[in-house]
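Subject: Model for you to look at

Hi,

Here is the structure I promised. Please open it first, then read my notes below.

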Amino acid sequence: MESSPEPLLSLRNINMTFGGVKALKNVSFDVLPGEVHCLAGENGSGKSTLIKIITGVYRPQPGAVIEYDGQAYSHMSPVTAQSSGIQVIWQDLALFPEMTVAENIAFQTVLGRWPRLVNYNSLRKTAARALARLGVKLDVDLPLKDYPIAQRQIVAIARALVGEAKLVFMDEPTASLTQSETDHLLEIVRTLSTSGVAVVFVSHRLAEVLEISTRLTVLRDGALVGVYPTSGMTQSRITELMTGKTFDQTIRARDVSGNPVVLEVEGLSRPGQFEDISFTVRRGETLGITGLLGAGRTELALSLFGMLKPRSGAIRLEGKPMHFSSNRDAVAAGVAYLSEDRLSLGLIQPQSIADNLVIASLDRIISRGLLSDSRKRDLVAQWIADLGVKIGKQDDAISTLSGGNQQRVAIAKWLATDPRLLILDAPTVGVDVGARAGIFDIVAKLADSGLAIILISDEVPEVYFHADRVLHMAKGRIANWFTPRDCQLQDIEAAVYA
Amino acid sequence: MTAIVNRTRALLGPEMAGPGFALLAVLIFFGLGSPQFLSRATFGSVAFQLPELGLLTLAMLLPVLTGGLNLAITFTANIAGLTLAWVLQQNGGVDAGPVAFLLGSLLAIGAGALSGVVMGLVIAYTRAHPILVSLSMMIFLRGLGEFLTRGGDVSGFPSFLQPLGHGSILGFPVPLIVFIGCVAIWHLLLTRMKLGFNTYMIGSNIEAVRYSGINTRKVLVLVYTLSGAMCAVAGIVMLARFNSVRVGHGESYLLITVLACFLGGVNPFGGFGRVIPVFVALVVLQLLASGLNLMGANQHLATAVWGILLIAVMILRFAAGRIKFLKRKKG
């Protein structure tokens with residue numbers, strides 16, 4: 001082994017228990033100065049706990065050794081962590097939307113000083129300097145809420161720099177960014193890294209992990225799986241490390257061109273969002289639609305679901321032309337749409353599992369003109385069993401379920417309406433890697449039973465492995481058609497990310 | 001046996017704990033404090049006073065469950081009362097017949113529902129906040145009512161209306177029977193009908209409900225329409241009880257209805273709450289007022305005690321939640 005530089009941060013023997021559950025088991029973790037390091041693991045693997053120990057939010061159990069910048073600590077405190085240059089950019093950013101960019105970036109510099117007056121000139125200068133270091137131009141006098149999420153992220157990074165950061169943690173920083181915004185953010189991370197700041201990147205988007213980081217630490221169930229160089233790593237290898245399972249990624253695509261057509265879309269346009277879209281979906285077929293964020297995929301889906309009105313073109317279901325004036329018409333005609341935003345549009349989080357499951361098919365649980373509680377329970381129990389959802393009680397709030405189980409309930413909610421066409425918009429968002437396979441098993445079974453399915457995803461491998469045909473959308477138009485049996489995954493990825 | 005227990009528990013639900021506890025506390029406190037408290041007279045006075053506040057609370061409950069509010073309830077009741085009074089006067093005043101009363105009541109309920117339809121349409125289509133919309137409606141109705149009555153009383157109604165305000169059937173006051181009938185209808189609506197189901201769902205997340213293929217605008221319009229119609233029922237009962245209509249009558253009930261909902265375990269942000277606990281909460285409030293009255297306390301003091309009771313319930317609820325949380329953490 002060649003001699004590596006002294007680590008900036010070195011953790012040994014970290015243990016942490018919450019209420020009898022071991023959250024971290026004898027974990028060690030190193031960060032080298034100026035490197036981009038990725039911390040990967042499924043939800044609940046201990047990533048956040050580890051970050052909170054490093055930043056002093058939690059105290060590890062006795063026996064832990066933390067060495068940072070040449071000094072040893074038994075535990076950190078938030079004050080020492082901050083003053084010695086450890087900064088975290090949480091997923092929710094923790095910014096003040098009503099205050100100006102300058103105030104957001106530099107407010108820490110005026111905290112606790114005497115006299116307790118704020119010098120706005122120096123505040124502005126400090127903020128401008130931090131932004132210049134990132135190579136970004138923003139009007140520091142505008143309130144933060146005037147800027148979109150991507151710029152707010154940059155403000156959060158600039159704030160970290162004002163604190164003379166040596167080590168910056170970023171928790172899922174790209175979760176709500178578009179592709180070009182993500183590219184810009186990755187560029188900034190590289191700038192930081194070359195200026196000597198170490199960045200630890202927590203992301204479940206594996207493509208970014210491979211692109212940006214030089215080393216990778218994988219956690220699973222609170223234990224360290226290993227530390228790996230990212231060169232030579234593949235996405236599927238990382239998935240295996242994170243879940244401890246191997247996934248046989250075989251192409252599912254079949255030839256269903258003999259089946260009758262369920263949905264026929266011809267020249268569908270909604271200017272500014274999508275134009276001249278034509279395709280068919282047959283019984284038992286899974287049509288994959290992929291493309292970058294902003295390619296018009298969701299808008300197209302919402303038009304098929306009657307929630308947006310296309311300007312021109314035709315939608316035909318089993319040969320009959322459809323003119324939906326709302327999604328109620330679409331549901332009645334047998335179209336179901338699983339929203340990409342399960343938290344705020346797909347399910348009603350505070351309400352019960354049972355009520356979420358029956359909301360779209362209340363007519364099925366009516367007896368003698370009134371809703372029947374026993375019919376509801378039977379219907380729910382049947383779907384819970386059919387889709388293998390793990391629940392406690394039917395009356396528990398849906399928010400108590402894991403992402404994968406929530407998604408199964410969301411799918412059951414639509415299957416209960418007895419649809420002919422099921423549109424799945426990003427069905428694995430917020431679902432652990434290990435639980436995704438279960439979702440796709442269900443999708444495959446549904447297709448085999450004759451349902452026509454549109455599978456929308458911005459993760460190319462998902463459509464490549466699970467769809468019969470793949471439609472690539474770019475800037476609102478159909479860019480390419482792929483048949484997974486006749487092409488390589490790389491072909492589609494090259495086209496999408498070109 | 002356990003089936004019965006379970007059924008009762010399902011009927012009452014966890015929201016019952018607060019008002020149930022308060023009911024017990026009030027009964028014990030005044031039962032020990034005043035020998036006349038546990039008597040027919042007390043329950044008689046409660047039974048006659050309960051319905052006005054109760055009917056208005058039912059009118060408030062539906063919008064609150066959707067995460068909204070209807071601040072126009074008392075003036076909607078007044079306008080409905082005026083509508084009935086107008087029909088009676090057009091048909092001979094003191095000599096008006098039952099047909100005129102029936103027609104007037106229908107028109108009154110129509111007027112109440114109309115105020116609800118307008119609010120519901122504005123709220124559903126402009127997405128303006130229900131507080132602002134219903135506040136505007138309240139100011140409009142107050143102005144309209146004061147203009148029509150010149151701020152005075154309207155009276156002179158046929159004598160057969162007396163029993164509706166003061167009479168009893170088999171020992172049960174007629175207003176109480178009307179109120180309990182309305183409680184039953186609301187209970188059925190909220191537990192067994194699609195509209196009720198969707199009312200709860202909208203209270204938690206209206207966009208997710210819309211994405212589920214539900215006509216959320218229709219639900220909102222119906223909720224405010226029913227709220228307005230219930231106000232009209234309250235207005236008719238008030239007309240019979242006071243034998244007159246005056247704009248501004250019952251105005252002080254407005255905020256009490258909101259608090260009665262919360263005392264009955266309704267979530268102030270919508271989505272959760274049941275009719276029966278709200279009913280019990282109303283009984284508690286009336287018993288408290290009557291008990292204090294019996295002990296010779298000033299009527300205004302009773303209102304003050306209501307306020308203290310509600311604050312105490314919030315604190316107790318917090319404490320109960322805290323204890324549950326700590327227990328779970330230990331276990």
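Two residues count as in contact if their C-beta atoms, placed from the backbone, lie within 7 Å. In chain B, 77% of the contacts with a separation of 6 or more are between residues 24 or more positions apart.

This is a predicted model: local features need pLDDT of at least 70, side-chain atom pairs count only at pLDDT 80 or more, and totals for chains, interfaces and linings use all residues. Residues are numbered from 1 along each chain as its sequence is written, and chains are lettered from A and ligands numbered from 1 in the order in which they are written.

Chain B
- Chain B has 14 helices and 4 strands (DSSP runs, numbered from the N terminus: H or I of at least four residues for helices, E of at least two for strands).
- The C-alpha trace spans about 70 × 60 × 40 Å along its principal axes.
- Of the 331 residues, 47% are buried (20 or more other C-beta atoms within 10 Å of the residue's own, all placed from the backbone).

Chain B against chain A
- Contacts join 16 residues of chain B to 19 residues of chain A.
- On the chain B side, α9 (194-204) and α10 (206-211) each supply at least two residues.

Chain A
- Chain A splits into domain 1 (9-243) and domain 2 (261-496), with bounds from an automatic or database domain assignment.
- The domain centres, taken over C-alpha atoms, are 35 Å apart.
- In chain A, 7 residues of domain 1 are in contact with 6 of domain 2.
- Helix α8 (residues 235-243) gives the most to the domain 1 side, with 3 residues.

Best wishes

Key
Buried ≥ 20, exposed ≤ 12 C-beta atoms within 10 Å, placed from the backbone.
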